[in-house]
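Let's take a walk through this one together.

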Amino acid sequence: MPDPILELKQVEFGYGETSVLSSVDMRFGRGQVVAVMGGSGCGKTTILRLIGGLIRARRGQVLFEGQNIGALDEAGLYAARRRMGMLFQFGALFTDMSVFDNVAFPLREHTDLPDDIVRDLVLMKLNAVGLRGARALTPSEISGGMARRVALARAIALDPALIMYDEPFAGLDPISLGITANLIRTLNRALGATSILVTHDVPESFGIADYVYFIANGGVHAEGTPDMLRASDDPIVRQFIDAAPDGPFKFHYANAGLDHDFGFASAASASVPASTETRA
């Protein structure tokens, strides 16, 4: 792996007595696209929140460009976030702003650039995602796929060293999905950035990722290149990649024997590993 821009070292996190992540070690190489995958609720988005400093680890370190995010004060965290871009799930555009103003927002918030320079930079970013001509429209006047591209232009407005994507392919039609995946790969290369994809989408993610972490049971269950994970015979990895209904993850949630109270056979409550559906 290339020299890491970001490392998680023995990171632990939880809510109250509920553990979400335990002893997590991850490295994100400069210039790479790294996918973080796993079932719903396994802690993928929690990892993004730890990286952005929205929450702090109970133990361990989150090191971004050598700085421990969890130990930074407000000014230090603010400076670190300027080096990060975030594409939120479903875009999270400001509905009362135009496409142009949405992309201009981080430039106006984080810099003192004159208006003409802001204008040129915004048009450049919109041109990169193919939406320069939509700059005067509002989010309600464009499609969901276009809105996701506007959000991507906003995420790269400050030329971040690290770009985080939270479910970038969710809800997209096949054409928009393919466009978004190609944009992520192309922009990562053009910016010389590192991209982290938190996603469930196996085909598109495996098509653009250099490395994959598979999260289960509160930690890194498997990792490697897409080809390595495709060849894995691990039951949990196989069930996820193959979208198999039967495997380690069961459909029925274990209910501590309550089936008998309602006259159901105990076989109907096959247990679920402490992995996906129980974690925040």
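A crossing of two helices is called left-handed if the near helix is turned anticlockwise from the far one by less than a right angle, and right-handed if clockwise. By that rule, helix 3 goes past helix 5 in a right-handed crossing. Helices here are DSSP runs of H or I with at least four residues, strands are runs of E with at least two, and both are numbered from the N terminus.

Before going further, a word on what you're looking at: this is a predicted model, where local features need pLDDT of at least 70, side-chain atom pairs count only at pLDDT 80 or more, and totals for chains, interfaces and linings use all residues. Residues are numbered from 1 along each chain as its sequence is written, and side-chain values use heavy atoms, with hydrogens and water left out.

Now the overall picture. The protein has nine helices and ten strands. Of its 280 residues, 48% count as buried (buried means under 20% relative accessible area, exposed over 50%, and partly exposed in between, using a 1.4 Å probe and protein chains only). Take the contacts, meaning heavy atoms within 4.5 Å, between residues at least 6 apart in sequence: 64% of them join residues at least 24 apart.

Back to the helices. Two packed helices are described by the angle between their axes and the distance between the axes. The axes are lines fitted to C-alpha atoms, for helices over the stretch in contact, and angles run from 0 to 180 degrees between N-to-C directions. For helix 3 and helix 5, the angle is about 30° and the axes are 8 Å apart. That makes helix 3 roughly parallel to helix 5 (under 35 degrees is roughly parallel, over 145 roughly antiparallel, 65 to 115 roughly perpendicular, and the rest oblique). Val99, Asn102, Val103 and Pro106 of helix 3 make the contact with Val150, Ala153 and Arg154 of helix 5. Sorted by class, that contact of helix 3 with helix 5 has five nonpolar, one polar and one charged residues. In this sorting, Ala, Val, Leu, Ile, Met, Phe, Trp, Tyr, Cys and Pro are nonpolar, Asp, Glu, Lys and Arg are charged, and the others, Gly among them, are polar.

Helix 3 (residues 99-110) also packs with helix 4 (residues 115-128), at an angle of about 120° and with the axes 9 Å apart. That makes helix 3 oblique to helix 4. This crossing is right-handed. On the helix 3 side you'll find Val99, Phe100, Val103, Ala104, Leu107 and Arg108, and among their partners in helix 4 are Val118, Leu121 and Leu126. The contact of helix 3 with helix 4 has ten nonpolar, no polar and three charged residues. In the loop between strand 6 (84-87) and helix 3 sits Ser98, which counts as buried at 15% relative accessibility.

What angle do helix 5 and helix 6 make where they cross? The axes of helix 5 (residues 144-155) and helix 6 cross at roughly 15° and come within 10 Å. That makes helix 5 roughly parallel to helix 6. Gly145, Arg149 and Leu152 of helix 5 meet Ser176, Ile179, Leu183 and Leu187 of helix 6. Also in helix 6 (residues 174-191) is Ile175, which is exposed, with a relative accessible area of 63%.

Is Thr194 buried or exposed? Thr194 is buried, with a relative accessible area of 1%. Its side chain reaches the backbone nitrogen of Gly31 at 3.2 Å. Leu197, also in strand 8, is buried at a relative accessible area of 0%. Beyond its neighbours within four places in sequence, Leu197 is in contact with residues including Val33, Val34, Tyr165 and Ile208.

Finish at helix 9 (residues 235-242), where Ile236, Val237, Gln239, Phe240 and Ile241 are buried. These buried residues pack against strand 3 (33-37), helix 7 (202-208), strand 9 (211-216), strand 10 (219-224) and helix 8 (226-230). Asp234 caps the N-terminal end of helix 9, with a side-chain oxygen 2.9 Å from the backbone nitrogen of Ile236 (a polar contact is a pair of N or O atoms within 3.5 Å; within protein, one must be able to donate a hydrogen and the other to accept it, and residues adjacent in sequence count only if both atoms are side-chain atoms). Just after helix 9, Ala243 takes a positive phi of about 55°.
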